[in-house]
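User: I'd like to learn how to read pockets and strands in a model. Could you walk me through one?

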Amino acid sequence: MNWLISANSNIYDHYNSFKDYGYIDWRQNNNFEVNDIVYIYVAKPFSRIMYKCVVTKTNMRFDK
């Protein structure tokens, strides 16, 4: 399944997380499944879809 979620760069630095680590951990508010595609829309100052991601794990505990 394909998902579109929004990101607020004032709350979390997605750009540097992707640049430094190559991935981000995202809280799971939706019913994501492994291999789902998630497009991340970044609001101000970009106002566009900036990332295309593949879900590799779901239902992870916070401490993992």
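User: Which residues lie nearest the centre of the second largest pocket?

Analyst: Rolling a probe the size of a water molecule over the atoms shows where empty space is left. This is a predicted model, where local features need pLDDT of at least 70 and side-chain atom pairs 80 or more, while totals for chains, interfaces and linings use all residues. Residues are numbered from 1 along each chain, and side-chain values use heavy atoms, without hydrogens and water. A pocket here is an open set of points on a 1 Å grid over the protein atoms alone, where a 1.4 Å probe fits, with protein on both sides within 12 Å along at least five of seven lines; lining residues have an atom within 4 Å of a point. Nearest the centre of the second largest pocket are Ser6, Tyr12, His14, Trp26 and Arg27, among 14 lining residues.

User: Which strand gives the most to the lining of that second largest pocket?

Analyst: Strand β1, residues 2-7, with three residues. Strands are DSSP E runs of at least two residues, and helices are H or I runs of at least four, numbered from the N terminus.

User: How do I read the faces of β1?

Analyst: In a regular strand the side chains alternate between the two faces of the sheet. In β1, Trp3, Ile5 and Ala7 form the covered face, and Asn2, Leu4 and Ser6 the uncovered one.

User: How many bridges join β1 to β2?

Analyst: Six, and the two strands run parallel; strands pair if DSSP finds at least two bridges between them. Alanine 7, for instance, has valine 42 in β2 as its bridge partner.

Methods:
Buried < 20%, exposed > 50% of the residue type's maximum accessible area, 1.4 Å probe, protein only.
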